[in-house]
Amino acid sequence: MIGLDYSSTGEWLRGTGPDSDVVISTRVRLARNVAGFNFTNRAEVADRRQIVGLAREHAASLGGRDDLLWIDVASLDSLESTLLVERHLISKQLARGDQPRAAVVSRDESVSIMVNEEDHFRIQVIRSGRQAADAWRQVSAFDDELGGRLPFAFHKRFGYLTACPTNVGTGMRLSVMLHLPALMLTKEIERVRRAAQDMQLAIRGFYGEGSEALGDIFQISNQTTLGKSEEQLLQEFDEGVMPQVVEYERRARQVLLERRASLLDDRVHRALGVLRSARLLKLDEALRLLSHLRLGVLLGRIEGVEPRTIDRLLVLVQPAHLQKTLGEVLHQAERTEARATLIREQLR
Amino acid sequence: MNGHPCDRCGEEATIHEYTPSKGKVLSETHLCEECAQELGLEGKVVKGAQELLGQILLAKTGRRKTPASPACPSCTLTWSEFREHSLLGCPECYNAFEKQLGPLLERLHEGGTHHVGKAPANQSVDVTQRLVHLRRELAQALTAEQYERAARIRDELLNLGAADVPPAPGADAASEGSSK
């Protein structure tokens with residue numbers, strides 16, 4: 001077994017970071033490839049195996065850390081790999097491959113290195129709240145160390161070379177996970193979309209690429225990786241878009257409190273009522289209600305529920321986690337029941 | 001709820017998959033998160049750079065035939081294979097297709113043409129190119145009265161040993177400049 005505690009969540013989901021009322025987490029990842037090998041999509045099995053071997057030798061002990069877990073993703077069953085996806089430690093793409101691939105994950109889940117995803121290495125650091133500079137410092141240190149041991153593919157003009165040209169240059173993707181329930185309730189979310197688009201940033205839903213925002217949780221990330229330094233990007237994020245978005249959401253929350261308190265109270269108490277009483281809950285509905293509950297708790301409209309409990313539930317109500325907790329394979333109908341039961345117990 | 005219903009259970013769909021071909025939508029799938037997970041599907045609605053890349057590559061296919069270029073000498077990938085999958089085959093592809101990639105990267109990366117940023121310890125970016133790029137950036141920043149940005153670029157130029165870097169007049173008045 002992998003050695004992670006599935007009944008709890010990673011450090012980054014504990015709501016301890018700055019501005020964590022709005023910014024759930026900040027993630028920085030770097031895409032790197034080893035020179036002399038084809039990119040993963042065009043690599044022979046033997047080459048992929050060799051990359052996994054290099055990772056095991058050099059990446060599994062980065063920073064002299066002894067809390068890094070080596071995970072042979074190819075040997076996991078689908079429940080185990082889905083658990084890692086639900087905890088945002090590996091991507092769906094890595095989970096579903098059928099070739100030699102691996103991951104290195106720190107026990108507190110703040111560090112994860114995917115091996116043989118689209119690129120040979122995807123090194124990422126996740127922090128609670130708004131901590132981009134901090135996450136960058138750590139991921140950059142890992143990069144320096146790994147780059148000192150392995151020759152990374154690098155081009156004088158194009159920088160770090162990646163399989164997809166959308167990542168070439170710095171290979172850096174900075175993404176923040178935001179909880180924006182008030183902007184959704186007041187239907188002002190368009191402002192955030194516009195602000196993000198103006199700054200060439202992508203905005204997506206909770207599960208990253210490919211879904212709408214479940215539970216009012218959005219992810220904003222940079223698109224540009226060429227022609228802009230890492231520091232410049234961090235600064236644009238930290239001084240440009242982040243304060244703006246945090247301010248929009250806080251102002252919308254204030255407006256709800258001051259002018260639309262009955263709407264607010266209706267939503268948050270309705271959410272609590274359903275979550276405490278429902279016998280069947282689908283994932284979409286559970287996330288939507290948990291979002292409203294989180295808003296109510298943060299604004300002091302509901303007492304006796306900890307924000308941390310809600311953040312934990314955001315992970316634990318997902319399908320693989322429910323199955324893991326109950327120790328059995330559940331079909332969708334059984335999951336909706338198991339989900340409702342878990343939430344009732346947690347919110348009692 | 002006014003979204004599209006899930007094809008499978010009728011709940012509101014949050015995952016929409018469109019299969020395009022030659023600019024037309026061939027098929028549509030709408031699923032809620034749960035059904036999508038049951039079926040092992042994930043959404044294909046990719047936004048941002050990936051989507052833009054797809055659009056650019058698709059548009060080029062449709063409009064005119066680009067002259068066939070030789071395959072990458074290292075991994076044998078051809079440009080048309082790249083256009084199909086949006087993925088390059090090996091680091092050498094960046095040299096083999098430099099001519100085609102240049103303008104494509106510029107569109108994908110807000111006009112960025114050269115890497116600016118960290119480099120592996122044993123390698124370096126092309127300093128001349130970087131200086132050219134930074135000087136252009138500096139001029140733009142000054143025109144736009146972005147004095148903080150200009151000051152940073154200026155520092156970077158000086159760090160690279162550039163001579164005759166234009167002074168950054170508004171550097172001290174950064175706060176006034178940026179509130180404009």
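**A close look at helix H4 of chain A**

Helix H4 of chain A covers residues 132-149, and at 1.5 Å a residue its 18 residues should span 26 Å; the end C-alpha atoms are 26 Å apart, so expectation and model agree. The expected span is 1.5 Å times one less than the number of residues. Helices here are DSSP runs of H or I with at least four residues, strands are runs of E with at least two, and both are numbered from the N terminus.

A word on what you are viewing: this is a predicted model, in which local features need pLDDT of at least 70 and side-chain atom pairs count only at pLDDT 80 or more, while totals for chains, interfaces and linings use all residues. Residues are numbered from 1 along each chain as its sequence is written, and chains are lettered from A and ligands numbered from 1 in the order in which they are written.

Now, which residues of H4(A) are buried? They are A:Ala132, A:Ala135, A:Trp136, A:Val139, A:Phe142, A:Asp143, A:Leu146 and A:Gly147. A residue is called buried if 20 or more other C-beta atoms lie within 10 Å of its own, exposed if 12 or fewer, and partly exposed in between, with C-beta atoms placed from the backbone. An α-helix has 3.6 residues a turn, so residues three or four places apart point the same way. On the face turned away from the buried side of H4(A), you will find the exposed residues A:Asp144 and A:Arg149.

What does the buried side pack against? Its partners in chain A are strands S1 (23-32), S5 (121-128) and S8 (172-179), together with helices H1 (45-58) and H7 (230-259). Contact means that the C-beta atoms of two residues, placed from the backbone, lie within 7 Å.

In chain A, eight strands form an open, antiparallel sheet in the order S2-S3-S4-S5-S1-S8-S10-S9. Strands S2 (68-71) and S9 (201-205) stand at its edges with a single partner strand each, so one side of each has no neighbour in the sheet. On average, neighbouring strands are turned by 20° against each other, direction ignored; the axes are lines fitted to C-alpha atoms, for helices over the stretch in contact, and angles run from 0 to 180 degrees between N-to-C directions. S1(A) and S5(A) run antiparallel and are joined by eight bridges, where pairing takes at least two bridges found by DSSP. A:Ala31 stands opposite A:Arg122 of S5(A).

Stepping back, chain A is divided into domain 1 (11-252) and domain 2 (261-346), with bounds that come from an automatic or database domain assignment. The C-alpha centres of these domains lie 27 Å apart, and 16 residues of domain 1 are in contact with 20 residues of domain 2. On the domain 1 side, helix H2 (78-86) and helix H5 of chain A each give two or more residues, and H2(A) gives the most, with four.

H5(A) covers residues 181-185 and includes A:Leu183. With 24 C-beta neighbours inside 10 Å, A:Leu183 counts as buried. Leaving out residues up to four places away in sequence, A:Leu183 touches A:Glu188, A:Ile189, A:Val192, A:Tyr248, A:Glu249 and A:Ala252.
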